[in-house]
Amino acid sequence: MKDRDDKFNDECGVVGVFNHPEASNITYLALHALQHRGQESAGIVSTDKERLYSHKGMGLVADIFGKEDFKQLPGNSAIGHVRYSTAGGSHIRNAQPFVVEYARGALAIAHNGNLVNAGHLRDELEAYGSIFQSDMDTEVIVHLIASSKENQLVDRLSSALSAVKGSYSLVVLTEKSLIAARDPFGIRPLQLGRLKDSWVVASETCAFDLMEADYVRDIEPGEIIRIDEDGVKSYKPFPEQKYSPCVFEFIYFARPDSNIFGSNVYEVRKNLGRELAKENNEEADLVIPVPDSGVGAAIGYAEASGIPFDMGFVRNHYVGRTFIEPKDAIRHFGVKLKLNPIKELIRGKRVVVVDDSIVRGTTSRKIIKMIRDAGAKEVHMRISSPPTISPCHLGIDTPTKGELIAANHSVEEINRFLSSDSLGYLSVEAMYRAVKDAGSSFCDACFTEKYPIEITEEKKLPQLVLFK
Ligand code: AMP
């Protein structure tokens with residue numbers, strides 16, 4: 001098996017700014033707002049209409065960009081990217097935006113999503129002489145653009161995108177234009193905003209808030225927009241597909257202050273919590289969230305159940321997400337590093353603890369132990385999503401099916417593993433009631449195993465193990 005078969009699923013955030021005197025500064029702010037979508041690497045590419053300038057690095061946005069770097073990022077337009085991949089793919093050559101110079105000029109591309117036929121396309125391209133610089137899916141799109149016979153960039157991009165299968169929300173920068181594209185299933189969010197005389201594009205509206213831009217509209221599924229000096233032009237080159245935005249963006253991934261797919265994430269999380277209480281109520285004295293991901297759902301749960309809500313844990317915000325720590329030894333330590341219970345609040349109480357999802361169960365198990373050690377009389381775990389039974393192949397980083405505890409164990413078995421007094425998940429039907437204002441069709445494959453896009457054999461191969 002070649003290296004690249006160990007595909008890394010990326011979780012990413014993208015941003016684009018067209019025609020702003022401080023384009024790279026604004027992009028930098030937006031990347032801060034999107035930092036939750038990827039903490040492994042970040043980059044900005046800008047243009048002064050003559051050429052492209054790039055600065056990328058490993059780590060957090062605040063650590064990558066210093067004052068001096070912005071002097072090297074001149075011009076009125078820019079794109080940016082934050083990336084989060086699994087251990088092993090952690091390399092500067094995989095940092096985005098990806099910049100190339102080819103026969104027709106220079107272009108930079110930043111991609112959120114995951115292609116399911118990238119390996120196959122890459123083999124074909126290599127057979128025709130393409131030389132790849134990274135092991136990212138995104139580079140396949142670049143080579144397809146470069147080898148397209150079309151004259152206009154939008155046409156070359158659409159012919160490249162017609163060949164790929166999977167999820168993509170992407171931004172492309174050339175010396176003269178900013179292009180944004182969203183896959184025909186609309187799996188990842190991508191939105192258009194206006195900042196005075198400038199156009200901006202971002203994965204989530206929380207980026208617009210920080211830039212002080214106004215949300216204009218979502219980039220539609222299957223839409224390509226081209227922004228240049230003549231304004232915004234929209235293209236719909238692909239056959240229509242069933243709109244399937246990722247429901248897990250609402251459950252966990254997007255920031256609660258963002259509006260995505262037409263709804264506010266926090267409101268949806270509260271709804272998920274309300275539905276959870278209706279389905280899985282428990283006699284208890286206190287509802288506490290696992291911060292931050294469980295907060296909205298726990299408030300909704302408390303509201304619907306009438307059980308008082310409190311912040312039973314203090315979270316140390318200076319530690320990254322424990323899930324992404326690369327080594328097992330660190331990860332075990334990581335939960336304690338990140339969360340500390342308030343013993344005085346918990347002691348002697350029957351506690352309902354709400355989190356958004358269980359992946360392997362290892363974090364939840366430690367959290368439950370912490371609550372017991374803090375003196376809780378009973379600990380009832382409530383999860384504001386259905387059991388995660390299948391990996392995401394479309395852009396959220398999940399371990400293999402074999403490692404997903406709910407793929408291989410019943411709720412009762414998981415409850416025993418966690419050492420909770422009871423465990424309750426949300427049903428798929430109740431999840432749909434909670435997200436109803438955002439529409440009725442979603443990609444819910446992590447809970448149902450029904451993928452909107454056929455997952456090829458290549459992607460069914462074991463993915464890279466997150467933590468060995
Ligand atoms: P565990 O108990 O080890 O399965 O971890 C569950 C925790 O992982 C929950 O707090 C979730 O919010 C979090 N989580 C779920 N999916 C992801 C993901 N794709 N990336 C990072 N954290 C996640």
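Visitor: Is Thr 398 buried or exposed?

Guide: This is a predicted model. In it, Thr 398 counts as buried, because its relative accessibility is 9% and the cut-off for buried is under 20%.

Visitor: Where does Thr 398 lie?

Guide: Thr 398 is in the loop that runs between β20 (378–383) and α14 (405–408).

Visitor: And what does the side chain of Thr 398 reach?

Guide: It reaches the backbone nitrogen of Cys 392, at 2.8 Å.

Visitor: Let us turn to the ligand. Which residues come nearest?

Guide: The ligand has 18 residues around it, and those that come nearest are Asp 355, Asp 356, Val 359, Gly 361 and Ser 364.

Visitor: Which residue places a backbone N or O atom 2.8 Å from an oxygen atom of the ligand?

Guide: That residue is Thr 363, through a backbone N or O atom.

Visitor: How much of the ligand's accessible area does the protein cover?

Guide: On its own the ligand has 510 Å² of accessible area, and the protein covers 95% of that.

Visitor: What is the make-up of the shell around the ligand?

Guide: The shell residues divide into 7 nonpolar, 6 polar and 5 charged. Two helices, α8 (247–253) and α13 (362–373), each supply at least two of the shell residues. The largest share, 3 residues, comes from α13.

Visitor: What is its radius of gyration, and what would a compact globule have?

Guide: The chain has a radius of gyration of 22 Å. This agrees with a compact globule, since one of 468 residues would have a value near 23 Å. Along its principal axes, the C-alpha trace spans about 70 × 45 × 40 Å.

Visitor: How many of the residues count as buried?

Guide: Of the 468 residues, 60% count as buried. As for the surface, the chain exposes about 18,600 Å², and carbon and sulfur atoms supply 50% of that area.

Visitor: What share of the contacts comes from residues 24 or more positions apart?

Guide: Among contacts in the chain with a separation of 6 or more, such residues account for 70%.

Visitor: Now Ser 422. Where is it placed, and is it buried or exposed?

Guide: Ser 422 belongs to strand β21 (residues 422–425). Its relative accessible area is 14%, so Ser 422 is buried.

Visitor: What does Ser 422 contact?

Guide: With neighbours within four places in sequence left aside, Ser 422 is in contact with Glu 282, Val 379, His 380, Met 381, Arg 382 and Asn 415. With Arg 382 there is also a polar contact between the two side chains, at 3.1 Å.

Visitor: How does Arg 226 sit in the chain?

Guide: Arg 226 is part of strand β12 (residues 224–228). Its side chain is joined to that of Asp 228 by a polar contact of 3.0 Å. Beyond neighbours within four places in sequence, the contacts of Arg 226 include Val 154, Ser 177, Leu 178 and Tyr 235.

Visitor: One more residue: where is Ala 30, and what does Ala 30 touch?

Guide: Ala 30 is located in helix α1 (residues 23–33). Not counting residues up to four places away in sequence, Ala 30 touches Val 15, Ala 207 and Met 211. Its relative accessibility is 0%, so Ala 30 counts as buried.

Visitor: Why is α1 described as largely enclosed by the rest of the structure?

Guide: The reason is that 8 of its 11 residues are buried.

Visitor: Which residues of α1 are the buried ones?

Guide: The buried residues of α1 are Ala 23, Ser 24, Ile 26, Thr 27, Tyr 28, Ala 30, Leu 31 and Ala 33.

Methods: Residues are numbered from 1 along each chain as its sequence is written. This is a predicted model: local features need pLDDT of at least 70, side-chain atom pairs count only at pLDDT 80 or more; totals for chains, interfaces and linings use all residues. Side-chain values use heavy atoms; hydrogens and water are left out. A residue is near a molecule or strand if one of its heavy atoms lies within 4 Å of it. A polar contact is a pair of N or O atoms within 3.5 Å; within protein, one must be able to donate a hydrogen and the other to accept it, and residues adjacent in sequence count only if both atoms are side-chain atoms. Accessible areas come from the Shrake-Rupley method with a 1.4 Å probe; for residues, only the protein chains shown count as cover. Helices (H or I, at least four residues) and strands (E, at least two) are DSSP runs, numbered from the N terminus. Ala, Val, Leu, Ile, Met, Phe, Trp, Tyr, Cys and Pro count as nonpolar, Asp, Glu, Lys and Arg as charged, and the others, Gly among them, as polar. The radius of gyration is taken over C-alpha atoms; the globule rule is 2.2 Å times the number of residues to the power 0.38. Buried means under 20% relative accessible area, exposed over 50%, partly exposed in between (1.4 Å probe, protein chains only). Contact means heavy atoms within 4.5 Å.
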